[in-house]
Amino acid sequence: MIPAPFQYLRASTVDEALTLLASHGDDAKVLAGGHSLLPLMKLRLAAPEYLVDIGPLDELRYVRLEDGEVVIGALSRYSALVQDPVLLEHAPLLAHVSGEVGDRQVRHRGTIGGSLVHADSAADLPAAVLASDAVLVARGPSGERRIPAAEFFLGPFTTPLEPAELLTEIRLPAQTGQGWAFEKFTRRAIDWAMVGVTVVGGRVGLVNMGGVPLRATATEEALAAGASIEDAAALAAEGTNPPDEPHATAEYRRHLARVLTRRALTQASR
Ligand SMILES: Cc1cc2nc3c(=O)[nH]c(=O)nc-3n(C[C@H](O)[C@H](O)[C@H](O)COP(=O)(O)OP(=O)(O)OC[C@H]3O[C@@H](n4cnc5c(N)ncnc54)[C@H](O)[C@@H]3O)c2cc1C
């Protein structure tokens, strides 16, 4: 499997990356960790003429606390997030979820920004970011804009980012002291989630329960109205549209969503 020919352009600053993207428009693609884009190129499902490599840009690799918000640079790799002291204290759900992605090699190359922009509903970080009420910061030719996570996942592999825009950082309210949990159901140890559930502070994000990562709104509303965990979790599959496949039917995934939500809420309440 060999990709179609492309020109490799390496950006040495964010500004340079933005200039390269602006001058090549729809013909260019950003390359971060390459763990989603390169497989697509090898399968020829993506064939950009230009690859703008932002992988080396350390200026987009950081985690810090700013006025009660946790701010994560888009190029932060999973392997760094797992052990980041700021994240462990103020957004432990994201640190933990990062450690559950793929295998060691994937976690050493893959970036949180790449996962969010790739917008695969089977990926783990998008549901965690959604449950964290995060805001995604993008920079492009017309400056910076902030997009709430709830408005970022428009459809399968589709986000509101323009071709000349970069996702630069993810901001979320600090979750210090809030109960959290992640339940990921896989066939084999390092597989993608058949279904996953992220919980933090009473908010619930679902992995692989539709074309986009979802919030289990009926469950959240029931909890806010004082329902028991058991009753609230029974509503976790409301409004979802999970994939229907021979190895996991839609009905089976709905069942998993209810069971995993009950487990995650119970864990988060301890
Ligand atoms: C074997 C394997 C197993 C995996 N298992 C899991 C798993 O269990 N759970 C899981 O969640 N994921 C899994 N993944 C996916 C992995 O998390 C990817 O690394 C991640 O989805 C993409 O991050 P990346 O940095 O590699 O992005 P890339 O592949 O470099 O880019 C992905 C897309 O995002 C765009 N992009 C990247 N960064 C930016 C940016 N800052 N601004 C604008 N556009 C950008 C690119 O143009 C491209 O369209 C797996 C991948 C592999 C290969």
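Colleague: Helices (H or I, at least four residues) and strands (E, at least two) are DSSP runs, numbered from the N terminus. Where is Asn 208, then?

Modeller: Asn 208 is in the loop between strand 11 and strand 12. Its phi is positive, about 65°, although Asn 208 is not a glycine.

Colleague: What sort of model is this?

Modeller: This is a predicted model: local features need pLDDT of at least 70, side-chain atom pairs count only at pLDDT 80 or more, and totals for chains, interfaces and linings use all residues. Residues are numbered from 1 along each chain as its sequence is written, and side-chain values use heavy atoms, with hydrogens and water left out.

Colleague: Back to Asn 208. Buried or exposed?

Modeller: Asn 208 is buried, at a relative accessible area of 10%. Buried means under 20% relative accessible area, exposed means over 50%, and partly exposed is in between, with a 1.4 Å probe and protein chains only.

Colleague: How many bridges join strand 9 and strand 10?

Modeller: Six, in the antiparallel sense, with strand 10 at residues 195-200. Glu 183, for instance, has Val 197 in strand 10 as its bridge partner.

Colleague: How many residues of helix 8 are buried?

Modeller: Eight of its eight, and the helix is mostly covered. Among them are Leu 125, Pro 126 and Val 129. Just after helix 8, Asp 133 takes a positive phi of about 55°.

Colleague: What about Asp 124, buried or exposed?

Modeller: Asp 124 has a relative accessible area of 6%, so this residue counts as buried. Its place is in helix 8.

Colleague: Which residues does Asp 124 touch?

Modeller: Leaving out residues up to four places away in sequence, its contacts include Val 97, Glu 100, Phe 182, Lys 184 and Val 207.

Colleague: New topic. What is the order of the sheet with five strands?

Modeller: The order is 4-5-8-6-7, in an open sheet with antiparallel pairing. Strand 4 (63-66) and strand 7 (143-148) stand at the edges with a single partner strand each, so one side of each has no neighbour in the sheet. The twist averages 25° from one strand to the next.

Colleague: How many bridges join strand 6 and strand 8?

Modeller: Five, between residues 135-140 of strand 6 and residues 166-173 of strand 8. Leu 136 has Ile 170 in strand 8 as its bridge partner.

Colleague: And strand 3, which way do its residues point?

Modeller: Tyr 50 and Val 52 point one way, Leu 51 and Asp 53 the other. All are buried. Strand 3 pairs in the parallel sense with strand 1 (residues 7-10) over four bridges. Strand 2 (residues 28-31) also pairs with strand 3 in the parallel sense, over four bridges.

Colleague: Now charges. How many salt bridges are there?

Modeller: The whole structure has 15. A salt bridge is a side-chain nitrogen of Lys or Arg within 4 Å of a carboxyl oxygen of Asp or Glu.

Colleague: What does Arg 139 meet in a salt bridge?

Modeller: Asp 15, at 2.8 Å, N to O. Asp 15 is in helix 1 (residues 14-24) and Arg 139 in strand 6, so the pair ties together parts 124 residues apart in sequence. Asp 15 is partly exposed at 49% relative accessibility.

Colleague: Which residues are linked in a network of salt bridges?

Modeller: Arg 64, Glu 66, Glu 69, Glu 169 and Arg 171. Within it, Arg 171 and Glu 69 meet at 2.9 Å, N to O. Arg 171 lies in strand 8 and Glu 69 in strand 5 (residues 69-73), so parts 102 residues apart in sequence are tied together. Arg 171 is buried at 8% relative accessibility, whereas Glu 69 is partly exposed at 25%.

Conventions:
Pairing = 2+ DSSP bridges. Contact = heavy atoms within 4.5 Å. Axes fitted to C-alpha atoms, helices over the stretch in contact; angles between N-to-C directions.
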